[in-house]
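Let's walk through this structure together, one question at a time. Keep the model open beside you as you read.

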Amino acid sequence: MNFAHPNLCESCGQLDHKKTEEEGQTVFYYCSHKKTWLQNKEKCPSYQGETNFIDVAIITTTEIERTAIKKHFRNVSVWETREHNGQRSWQTNFSIDQPKGSLRIALVQSPLMGLPAAATTATKLCYLYDPSLLIMGGITAGNPADTHYGDIVVPRQLFDYGAGKWDGDRFIPNADPFPIHQEVLCLCREIADDESFLNRNKTEWSGPTPNDRIAPKVITERVAVSGAAVISQTGIWETLKNRNKDIVALDMEAFAIQYVAAQVPTEYPKVLIAKSVCDYARDKNDSAQPYAAYTSARFIEEFINRYAKQLLGS
């Protein structure tokens, strides 16, 4: 008897059922509510005619990031707070302009900063809701030589800069990079070329203005790295450039999201990482975080509105 990954139960529409079949014979579903195997179309007593499927799941890490998504998504009128198997989310129906329609979106905030918490949150989302598109938005540190506050970094590749070993006082990195889905990158480049959209992001912002704010650009040709600690260190970019000359952003979570999406035994969800620059990993302060969270949120909404239906159908 072969056990497959948790799947949508044809009996009751729940996601936390394990499906199995023996040599093409009768199909059974394990119902965690009824604590038994259900054969074919038996009904689970908890079934209320709804499923837990989500089209798009958005992960944030801080309250500023989560609040920016809820505040600056303009195609959303109401966010409903939901609890499912211990996971709190804010869910909504997102109205799409072209083609007309709607998507079900779940927004979550990771309980802690860092790779382990982000990986755990992403894994729970994939198992509970089986999203077709997994997005991480929010804020990141950027290389001051290549970025300004509010620039949206959509990396073509991610790796964990803390992976490796120490040999005496010398660190030997062992980075296994994960690429972002090429279709996602190509679509992001279309938005990057839309000067009208990028200028609106600048002019429609009504909060405190970062000192070097210009119309934010979308960076899609570079590399981002994630690590276990907040970095505020002079010379960090020179250190990272010695590992990969294309590194332009540094955060604590994004690599975990891409890694989980590639490993979960459900249908592989496409991943979008879209984090905006809020500091330069030196002399850190929080003054630019609201603006960066805003530009990230506006980019994510634009991406969903333009391309989510296309991605979900591919």
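Q: In which strand is the place of N93?
A: This is a predicted model, so local features need pLDDT of at least 70, side-chain atom pairs count only at pLDDT 80 or more, and totals for chains, interfaces and linings use all residues. Residues are numbered from 1 along each chain as its sequence is written, and side-chain values use heavy atoms, with hydrogens and water left out. Helices (H or I, at least four residues) and strands (E, at least two) are DSSP runs, numbered from the N terminus. By that numbering, the place of N93 is in strand β7, residues 87-96.

Q: Is N93 buried, partly exposed or exposed?
A: Buried means under 20% relative accessible area, exposed means over 50%, and partly exposed lies in between, using a 1.4 Å probe and protein chains only. The value for N93 is 46% relative accessibility, so N93 counts as partly exposed.

Q: Which residues does N93 touch, not counting residues up to four places away in sequence?
A: Contact means heavy atoms within 4.5 Å. With sequence neighbours up to four places away not counted, N93 touches N75, V76, L103 and R104.

Q: How far apart in space are N93 and I54, C-alpha to C-alpha?
A: In sequence, N93 and I54 are 39 residues apart. In space, their C-alpha to C-alpha distance is 9.9 Å.

Q: How many residues of strand β9 are buried?
A: Strand β9 spans residues 133-142 and is mostly covered. The count of buried residues in β9 is 10 of 10.

Q: Which strand joins β9 through nine bridges?
A: Two strands pair if DSSP finds at least two bridges between them. Strand β5 (residues 56-60) runs parallel to β9 with four bridges, and there A57 has L134 as its bridge partner. Strand β17 (residues 247-251) pairs with β9 in the antiparallel sense over two bridges. The strand with nine bridges to β9 also runs parallel to β9, covers residues 270-279, and is β18.

Q: Which residue of β17 is the bridge partner of G142?
A: G142 is bridged to a residue of β17. The bridge partner of G142 is A249.

Q: How far apart in space are A249 and S226, C-alpha to C-alpha?
A: A249 and S226 are 23 residues apart in sequence. From C-alpha to C-alpha, A249 and S226 are 8.5 Å apart.

Q: Which residue in the hairpin of β12 and β13 takes a positive phi?
A: Strand β12 (residues 164-167) and strand β13 (residues 170-173) run antiparallel and are joined by four bridges. D167 has R170 as its bridge partner. There are two residues between the strands, and the one with a positive phi near 65° is G168.

Q: At what angle do helix α1 and helix α7 pack?
A: Two packed helices are described by the angle between their axes and the distance between the axes. Axes are lines fitted to C-alpha atoms, for helices over the stretch in contact, and angles run from 0 to 180 degrees between N-to-C directions. Helix α1 (residues 63-72) and helix α7 (residues 289-312) have axes 8 Å apart. Their packing angle is about 50°.

Q: Which residues of α4 make the contact with α7?
A: The axes of helix α4 (residues 195-203) and α7 come within 10 Å and cross at roughly 145°. On the α7 side, the contact includes Y291, Y294 and T295. On the α4 side, the contact is made by F197, R200, N201 and K202.

Q: Why is helix α6 largely enclosed by the rest of the structure?
A: Helix α6 covers residues 254-263. Its buried residues include A254, F255 and V260.

Q: How many disulfides does a search of the whole structure find?
A: A disulfide is a pair of cysteine sulfur atoms within 2.5 Å. For C186, the closest cysteine sulfur is in C188, and at 9.3 Å this is too far for a bond. Across the whole structure, the number of disulfides found is zero.
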